[in-house]
Amino acid sequence: MTYYIAQAVGFGGMTLAFISFQQNKRERITFLQMLSSMVWTLHFGLLGAYSGMAMNAIGVARGFVYSKKGSAPWASRSFWPYLFSIVSAGCCIATWENWLSLLPTVAMVVTSFGLWVDQPKTVRRLTLPGSWMWLAYNLVKVSWAGVITECFNTASIFIAMWRFDRKGAKKS
């Protein structure tokens, strides 16, 4: 029964993640990513996938800090992506199962730098590889909501690239 509840929770995270990449402001992307990470933390906890759970818990804190970047001086300091990367590495060690624990960890590190930048175009380009790492992790952990989410995330990023990046480049 817990497995089915986990999948249902995951579909809530999927919805938030998909909507996040359809935003054209970094602040909106990071805020919705934060909410999505909250839901995914619960999802992976219910599945017993503790590396994924830990990385998403870090993602909640990261999303909060990043959503304040530019409006709060403490959140605008350039050390944040490095700090989240170091914390991710520590959590990887603490939740180590096998080499698969590296997938969400590397995805978290790459995405921490990707979401830090100010240009949505660059955010999308740098978060795409992380999505593919999560896809592989979700397949192995049998997180069908996660697999579908990463397929949607990839499609959503490509759609946003076409809508905002390619289209915008044609206008100029």
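1. A residue is called buried under 20% relative accessible area, exposed over 50% and partly exposed in between, with a 1.4 Å probe and protein chains only. The model is predicted: local features need pLDDT of at least 70, side-chain atom pairs count only at pLDDT 80 or more, and totals for chains, interfaces and linings use all residues. Residues are numbered from 1 along each chain as its sequence is written, and side-chain values use heavy atoms, with hydrogens and water left out.

2. Helix 1 covers residues 2–20; helices are DSSP runs (H or I, at least four residues) numbered from the N terminus. Its buried residues are Ala6, Gln7, Val9, Gly10, Gly13, Met14, Ala17 and Ser20. Viewed down the axis of helix 1, these fall within an arc of 165° and so line one face, the arc being that of the directions from the helix axis to the C-beta atoms. On the face turned away from this buried side lie the exposed residues Tyr4 and Ala8.

3. The axes of helix 4 (residues 80–94) and helix 5 (residues 102–114) come within 9 Å and cross at roughly 175°. Axes are lines fitted to C-alpha atoms, for helices over the stretch in contact, and angles run from 0 to 180 degrees between N-to-C directions. The two helices are therefore roughly antiparallel, a term for angles over 145 degrees.

4. Ser85 belongs to helix 4 and is buried, with a relative accessible area of 12%. Beyond its neighbours within four places in sequence, Ser85 is in contact with Val109, Ser112 and Phe113, where contact means heavy atoms within 4.5 Å.

Definitions and conventions:
Parallel < 35°, antiparallel > 145°, perpendicular 65-115°, else oblique. Expected span 1.5 Å × (residues − 1).
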